[in-house]
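Please read it alongside the sequence and the 3D view.

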Amino acid sequence: MPPRTITEPARDVPLYGEYDVAVLGGGPAGIAAAVAAARAGRRTLLVERYGFLGGMGTAAGVTNFCGLHANVFGEMHRVVRGVASELLARIDRLGGLNAPHLILGKILAQAYDTAAYKIAADDLLAHHKVDILFHALGAGVVMEDVSRIGALMVETKAGRQAVRANIFIDCSGDGDLAAWAGAPFEVGDNAGSMLYPSMMFRLNGVDPDKAGDAWRTIPALMQEAEAAGTHRFPRKAAIVRPQRSQIEWRVNFTQLARADGSAINGLEPDDLTRGEIDGRRQALEAFNFLRTVPGFEKSYIVDLPPQLGIRETRRVTGGYRLSGEDVLGCASFPDSIGVNGWPMEVHVAGDVIFKFPPIPASRGFNELPYRMLTPEGIDNLLVAGRCASMTHEGQSAARVSGACFAMGEAAGTAAALALAGNTIPRDIALDRLQRQLKQHGAFIGRDQDVPEGL
């Protein structure tokens, strides 16, 4: 048998830089974490694999903020503020922000233009003097000892380089940095099932007058097409909604599975390869169906995003795991650092199942405990975003952008507090963290009034 490994010769790796805080991943959590650390006066680097920020919102073409709002006793409120408000204001000034729209009659989401998001995020980080390293893929860590990360290794066009920092924040979505460091984690439901990925795409050339509220009629048309045998769809629930320009719509009819029917695993290169190819095939089939819908006859695919939309891979184990019961019960926590107003959104084989807290009988949001962000066993690491400490069910809700903004802002603020107090993030004074978050406009629940307005 030929050898299954190759021994790489030892080499000296160039040091890219030394920072107070290094953030891996430029999605909502990474953007907010980097801004929060830098505004506290800490030299901060944000490392991103693509040449732009936004995470799944841009790289996977999601084009839609979920979880910024909550249905509070039957009234809509935007409950994610702070850094998110700064970003939204910049997108809006560029003319790239839709008014919030109603989902399932119960909750609001907010669409945006991806180009405006990218430009606004660049401007936001420049304003707060965050250093950015684009086109850099995280590739490993060097440990100082079993509980402390010494350096993050990144692959760039200049080859492998190292980033030193006092505190690292894993906003990779996949928990890559935490896993390399040896932090414990779970994958999916621990029985081989994960939330199914999707391939989003955008159409242009839609006639908005003829299309009207097509998202209301398309589900029935899908059922008719399947009954007639002209089309088959990988899942029941479909997203077809207009963007800022009414001639452009975002579309998601897709669901990516392995040959055995289980979800594509976003940690497996072969799975990702098959998922990308199958996702584009499914997008084309969905487009062919949409061309039969009034208003879409002359439409065309204007964008297929750079990557598959991954919803779930690793979830790093921290001091508390947010659960589905916490979401449905609108849980409160003494160490709350933000809130999540999005329901459970479970992508199962062939369908998407939403589970809401009691509406309108409940406040509609759960608090997010700081313990979600502190992984076990690693002293100079925080984790924020969809890879934070949650159960499979809890992650189906708090993985969306609203909660990720909240977690990221808290992680960046906590990193700065730990450095100022010469302690580890796990041991910072929680009252100081909560006070600073509120001073910067964040809503953390607790004793605060629910913010007014959308």
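L104 is found in the loop between β6 (101-103) and β7 (107-111). This is a predicted model. L104 has a positive phi of about 55°, although it is not a glycine. Is L104 buried or exposed? L104 is exposed, with a relative accessible area of 53%. The cut-off for exposed is over 50%, so L104 qualifies.

**Other backbone sites**

R446 also is not a glycine and has a positive phi of about 55°. R446 lies in the segment after α12 (430-439). Its relative accessibility is 40%, so R446 counts as partly exposed.

A cis peptide bond runs from I359 to P360, with omega near 5°. P360 belongs to the loop between β20 (351-355) and β21 (366-369).

**Strand β1 and its partners**

Strand β1 covers residues 15-24. Seven of its 10 residues are buried, so β1 is largely enclosed by the rest of the structure. Which strands does β1 pair with? One is β11: the two run parallel and are joined by eight bridges. Within that pairing, E18 stands opposite R164 of β11. Another is strand β2 (residues 44-47), also in the parallel sense, over four bridges. Here A22 has L45 in β2 as its bridge partner.

**I167 in β11**

I167 sits in strand β11 (residues 159-170). The relative accessibility of I167 is 3%, so I167 counts as buried. What surrounds I167, leaving aside neighbours within four places in sequence? The contacts of I167 are D20, V21, A22, N380, L382, A415, A418, L419 and P425. A22, listed there, is the residue whose bridge partner in β2 is L45. I167 and L381 are 214 residues apart in sequence. In space, their C-alpha atoms are 5.9 Å apart.

Two packed helices are described by the angle between their axes and the distance between the axes. The table gives both for two helix pairs.

| Helix pair | Angle | Axis distance |
|---|---|---|
| α1 (residues 28-39) and α11 (residues 401-420) | about 30° | 7 Å |
| α11 and α12 | about 125° | 10 Å |

Take α1 and α11, which pack at an angle of about 30°. That angle makes α1 roughly parallel to α11. The cut-off for this label is under 35 degrees, so about 30° falls within it. The crossing of α1 past α11 is right-handed. On the α1 side, the contact is made by P28, A29, A32, A33, A36, A37 and R39. They meet S401, C404, F405, G408, E409, G412 and T413 of α11. By class, the contact holds eight nonpolar, four polar and two charged residues.

Now α11 and α12, at an angle of about 125°. That angle makes α11 oblique to α12. Again the crossing, of α11 past α12, is right-handed. From α11 come E409, A410, T413, A414 and L417. Their counterparts in α12 are R432, L433, Q436 and L437. The residues of this contact divide into five nonpolar, two polar and two charged.

Two α11 residues take part in both contacts. E409 and T413 meet residues of α1, and E409 and T413 also meet residues of α12.

Strand β13 (residues 201-204) pairs with β16 in the antiparallel sense, over three bridges. In this pairing, N204 has Y300 of β16 as its bridge partner.

Definitions and conventions. Residues numbered from 1 in each chain as written. Predicted model: local features only at pLDDT ≥ 70, side-chain atom pairs only at ≥ 80, totals over all residues. Heavy atoms only, no water. Pairing = 2+ DSSP bridges. Axes fitted to C-alpha atoms, helices over the stretch in contact; angles between N-to-C directions. Parallel < 35°, antiparallel > 145°, perpendicular 65-115°, else oblique. Left-handed = near helix turned anticlockwise from the far one by under 90°. Contact = heavy atoms within 4.5 Å. Nonpolar A, V, L, I, M, F, W, Y, C, P; charged D, E, K, R; others polar. Buried < 20%, exposed > 50% of the residue type's maximum accessible area, 1.4 Å probe, protein only.
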